[in-house]
Amino acid sequence: MERQVYEFIAAQTGENIVERKKCPNCGQEFAITDKDLEFYSKVSPVFNGTKYEIPAPTLCPDCRLQRRLTRRNERILYKRKCDLTWKMMVSVYSPDNPCKVYLTKERQSDNRDPMIYGRDFDFSRPFFEQFNELNLDVPKFSLFTDTTTNINSDYANEWWHIKDSYFVFNVDFLEWCLYCSDCHRSQNLTDCERCSDSQNCYESQDLTNCSSLKNSINCNNCSYSEFLTDCEWCKNCFYCFNLTNQEYNIWNVKYTKEEYEKIIKDRSLLKETIETNLWKIDKNMKNYRGYWNEDVFGDGINKSKYIKLCFNITDGENIAYSDKIWWSKDVYDIYAFGNNIQLNMEWCSIWENSYKSSFNYGVAINVSEIFYSICCLYSSNLFGCVWLRNKQYCIFNKQYTKEEYEELVPKIIEHMKKYWERWEYFPIKNSTYGYNETMAHQYFPLTRDQAIAKWYKWQDNEYPINIPEGIELLQTKDLPDNISDVEDNILNKAIICEVSGKPFRIVKPELEFYRKHNLPLPRKHPEVRHLERFNETYFRNLYLRKCDNCGKEVISVYPQNSDFKVYCEECYNKNSY
């Protein structure tokens with residue numbers, strides 16, 4: 001992040017920059033403000049009446065995010081055997097992963113209490129070294145899911161309440177969806193990202209209350225349209241930008257219903273119409289995606305107040321350096337699915353109802369004052385625990401009295417200081433995944449050599465999850481252009497991706513979707529399609545720039561030399577079509 005970005009935000013919010021630090025990992029300069037220090041003090045734990053202050057972080061926001069994301073394999077699925085029943089299952093852990101992995105349903109019903117793996121803390125060894133051993137010993141869920149709310153959706157991860165869906169990730173309340181991420185309360189979506197309350201949409205991102213959209217981005221309450229960007233309440237439009245309450249538009253030019261339908265049906269006429277109208281429109285962009293906000297600096301932020309350097313926040317207040325958070329307040333450095341959380345920091349893959357807990361990873365529901373723990377539910381006062389449920393006053397999965405707990409934890413914290421571990425997140429080298437399996441690789445791509453040079457793990461083995469041996473492989477040049485010419489036997493074949501060279505299959509619901517919406521078969525692997533959408537719209541760098549209309553300084557994901565005009569919110573609302 002540029003230095004002037006921190007200075008601008010501080011000036012706008014009345015904060016004082018009290019320290020400028022240089023990240024020891026990437027060399028980037030970042031700022032610490034008085035409000036940051038106030039937050040760190042507020043979330044600092046108290047044991048036996050003594051507060052153990054959490055200091056300002058040593059790494060910059062991006063490197064902190066990278067470190068957290070190495071704990072999250074969200075999208076890479078494998079077939080492997082359950083280490084309890086030896087049944088084949090789908091898992092985020094590869095067959096050669098050293099972790100013990102149980103089928104999630106079996107693990108949830110397993111009568112063996114994770115407390116049997118409990119152990120004493122050894123003050124002659126580093127904390128993270130001991131914790132890593134405990135984490136490897138405790139059996140893992142095959143997927144981060146709730147099996148009681150899954151109906152016919154085995155190929156999915158990080159979800160809640162889904163039905164008849166395939167390859168969906170970090171989603172909830174979906175039905176009949178394929179290859180989607182971060183979508184909520186929707187039906188019949190294919191190849192969509194960050195869509196809510198929508199249906200029958202294809203290859204689209206950041207939609208709310210939309211229906212029957214294709215290839216569209218950042219739209220609200222739109223329907224029966226294609227190639228829309230930043231539109232609201234539009235219907236029957238094609239290749240339009242920044243429109244509100246419009247119908248029968250092509251490239252922002254209004255037509256009669258009869259003219260529109262004639263042009264849309266004739267693709268050569270449509271191409272001619274678009275080329276004729278190219279000069280008539282400037283593609284204006286608001287400096288950030290979002291609405292109904294106060295003092296927000298980031299992108300994808302809605303109905304929120306005081307949001308600093310964040311992305312994809314809804315109904316949030318006083319949140320900083322975080323991504324994908326809903327209905328939460330007073331949190332720093334959180335990634336993914338935070339719902340109704342408060343006074344938390346440094347956590348990856350949190351779920352809901354967490355209070356004053358920090359430096360954790362994984363599913364958490366109804367927890368408070370837990371630290372350095374993984375996937376603990378309905379618990380409080382835990383330190384260094386793994387997969388516990390309905391527990392309190394535990395350290396390394398061993399039970400203590402309240403008095404013993406509050407006496408021992410401060411000693412461990414002081415011990416961690418000796419090894420430069422105190423109030424640092426889990427080290428990347430101790431991740432249970434290869435770097436290229438995790439979301440860190442998506443946000444911060446590295447080559448194998450670069451990762452290995454940093455002592456990160458790397459997954460070299462390929463395990464195609466749904467490609468049986470001996471299956472017929474098709475080149476994309478051999479695929480029919482028209483979906484009506486595709487026969488049902490395509491379901492028994494695999495297509496070679498024209499970008500990555502990896503094979504992928506078409507499943508029956510997918511073929512039905514393409515036929516229903518008259519769409520051609522995809523030529524690219526689902527993961528390639530996802531990465532292209534991600535790289536097209538998911539900008540994380542923020543810049544200080546001027547509004548191209550009034551000259552006011554704003555924070556934006558678009559630098560000053562963007563190819564299109566960028567307006568502040570006030571000018572954008574005045575100049576939108």
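Q: Is Phe 47 buried or exposed?
A: Phe 47 is buried, at 4% relative accessibility. Buried means under 20% relative accessible area, exposed over 50%, and partly exposed in between, with a 1.4 Å probe and protein chains only. This is a predicted model, in which local features need pLDDT of at least 70, side-chain atom pairs count only at pLDDT 80 or more, and totals for chains, interfaces and linings use all residues. Residues are numbered from 1 along each chain as its sequence is written, and side-chain values use heavy atoms, with hydrogens and water left out.

Q: How many aromatic pairs does the structure hold?
A: The structure holds 54 aromatic pairs. Rings of Phe, Tyr and Trp (its six-membered ring) pair if their centres lie within 6.5 Å; planes under 30 degrees apart count as stacked, over 60 as edge-to-face and the rest as tilted.

Q: Why is the pair of Phe 47 and Tyr 52 called tilted?
A: The ring planes of Phe 47 and Tyr 52 stand at 55°, with the centres 5.9 Å apart, so the pair counts as tilted. Tyr 52 is buried, with a relative accessible area of 19%.

Q: And what about Phe 513 and Tyr 514?
A: Phe 513 and Tyr 514 form an edge-to-face pair, 6.3 Å from centre to centre with 80° between the planes. Phe 513 is buried at 7% relative accessibility, and Tyr 514 is buried at 0%.

Q: Which ring does Arg 64 lie over?
A: Arg 64 lies over the face of Tyr 321, at 5.0 Å from the ring centre. A charge sits over a ring if NZ of Lys or CZ of Arg is within 6 Å of the ring centre and within 35 degrees of the ring normal. Arg 529 lies over the face of Tyr 179, at 5.1 Å from the ring centre.

Q: Changing topic, how many residues are in the largest nonpolar core?
A: The largest nonpolar core has 105 residues, and Leu 69, Phe 127 and Tyr 372 are among those with the most contacts inside it. Such a core is a set of buried Ala, Val, Leu, Ile, Met, Phe, Trp, Tyr and Cys residues joined through side-chain atoms within 4.5 Å.

Q: Which strand gives the most to this core?
A: Strand E25 (residues 323-348) gives the most, with 8 residues. Helices (H or I, at least four residues) and strands (E, at least two) are DSSP runs, numbered from the N terminus. Apart from this core lies another, of 24 residues, among them Cys 177, Cys 192, Cys 195 and Cys 201.

Q: What is Leu 69 in contact with, leaving aside its neighbours within four places in sequence?
A: Leu 69 is in contact with residues including Tyr 335, Cys 348, Met 439 and Phe 444. Contact means heavy atoms within 4.5 Å.

Q: How many residues of strand E23 are buried?
A: In strand E23 (residues 294-302), 7 of the 9 residues are buried. E23 and strand E24 (residues 305-320) pair in the parallel sense over 7 bridges; two strands pair if DSSP finds at least two bridges between them. Asn 302 stands opposite Thr 314 in E24.

Q: Finally, what follows helix H1?
A: H1 is followed by Gly 14, whose phi is positive, near 80°. Within H1 (residues 3-13), Val 5, Tyr 6, Phe 8, Ile 9 and Ala 10 are buried.
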